[in-house]
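Here's a quick tour of one model, written for someone who likes cut-offs spelled out. Have the viewer ready and follow along.

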Amino acid sequence: MPIKNAMVLAAGLGTRLRPVTDTMPKPLVPIAGKPMIDYVLDLLDGAGVETAAVNVHHFADRMEAHLAKRSRPGIVISDERAALMNSGGGLAKGLKRLPEGPVLVMNADLFWVGEKPDAPTNLQRLAAFFDPQTMDMALLCVRNADTTGHNGKLDFSLDTQGRLSRYKDGMENPVVYAGAIAMHTRLFADAPDDAFNLNIYFDRAIAKNRLFGIVLEGHWLTVGTPEAIGEAEDTIRRFQAGG
């Protein structure tokens with residue numbers, strides 16, 4: 001069954017992208033003429049998501065005005081104007097705006113290009129792979145060779161069963177976390193109300209052998225600095241021209 005609801009983490013300050021983010025929120029920074037968050041929302045729409053909660057803080061009014069123009073997916077706002085909640089706290093708060101059930105979670109500034117047009121999308125594959133009976137979370141991961149703008153840090157090792165563990169030097173099959181999760185809302189039923197990092201839940205799941213992942217098909221983009229904007233745009237143009 002496709003996953004119909006999603007959460008987009010979009011409230012960060014984008015400090016590494018200054019001075020660009022001194023005048024606009026990072027998710028609205030255009031890459032090849034398109035705001036980053038629209039790449040993300042289009043990926044969710046293409047996977048069959050009907051409703052996406054989006055958290056806002058930095059230039060929140062501009063974020064809301066931009067999101068109000070979208071009809072697909074439908075947008076509900078998780079307001080963090082009063083205080084940033086970090087990745088975990090922001091997710092926990094935003095999930096309260098969605099019905100109980102499976103959800104996709106994405107970062108507003110991480111996306112990809114180069115999916116095969118006649119095959120299931122990466123998010124559809126992730127949703128189909130996720131099994132709440134055996135998994136706390138399923139993460140979309142990517143090989144370092146298929147990234148643009150990344151600093152080379154390796155996050156996890158992926159075993160032959162799809163199980164993830166924290167990467168250490170010398171481990172086989174290293175992958176980078178690509179910023180997309182499939183999970184069930186009940187995982188955060190006991191989450192704290194204050195700010196916390198999502199990595200806490202990754203580590204809990206690893207300790208229980210319940211963190212799994214699949215490898216992204218295509219090419220992954222992260223835009224963390226002003227210099228990375230041009231790199232990302234060159235990559236997008238290359239893929240638009242046929243790779």
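## The annotated domain

Residues 6-112 carry the UniProt annotation "domain: Nucleotidyl transferase", from an unreviewed entry; UniProt positions are in the numbering used here, feature names are shortened, and annotations may be inferred rather than shown by experiment. In that span the end C-alpha atoms sit 17 Å apart, and the make-up is 27% helix and 27% strand (DSSP runs numbered from the N terminus: helices are H or I with at least four residues, strands are E with at least two).

Keep in mind that this is a predicted model, where local features need pLDDT of at least 70, side-chain atom pairs count only at pLDDT 80 or more, and totals for chains, interfaces and linings use all residues. Numbering runs from 1 along each chain as its sequence is written, and side-chain values use heavy atoms, leaving out hydrogens and water.

The largest nonpolar core has 54 residues, and Ile31, Ile37 and Leu44 touch the most other members. Such a core is a set of buried Ala, Val, Leu, Ile, Met, Phe, Trp, Tyr and Cys residues joined through side-chain atoms within 4.5 Å; buried means under 20% relative accessible area with a 1.4 Å probe, protein chains only. Helix 1 gives the most to this core, seven residues.

Apart from it lies another core, of 30 residues, with Leu91, Ile181, Ala191 and Ala205 among them.

## Aromatic rings

Searching the whole structure turns up seven aromatic pairs (Phe, Tyr and six-membered Trp rings with centres within 6.5 Å; stacked means planes under 30 degrees apart). Tyr39 and Phe111 are stacked, because their ring centres are 4.3 Å apart and their planes are at 10°. Tyr39 belongs to helix 1 (residues 36-46) and Phe111 to strand 7 (residues 110-113), so the pair ties together parts 72 residues apart in sequence. Both Tyr39 and Phe111 are buried.

Elsewhere, ring pairs join Phe156, Tyr177 and Phe202 into a cluster.

## Helix 5

Which residues of helix 5 are buried? In this helix (residues 199-207), they are Tyr201, Phe202, Ala205 and Ile206. Viewed down the helix axis, the buried residues fall within an arc of 140°, so they line one face (the arc is taken over directions from the axis to the C-beta atoms). They pack against strand 8 (137-142), strand 10 (156-158), strand 11 (164-166), strand 12 (174-184) and strand 13 (211-215), with contact meaning heavy atoms within 4.5 Å.

Just past helix 5, Asn209 adopts a positive phi of about 55°.

How values were computed:
Buried means under 20% relative accessible area, exposed over 50%, partly exposed in between (1.4 Å probe, protein chains only). Rings of Phe, Tyr and Trp (its six-membered ring) pair if their centres lie within 6.5 Å; planes under 30 degrees apart count as stacked, over 60 as edge-to-face and the rest as tilted.
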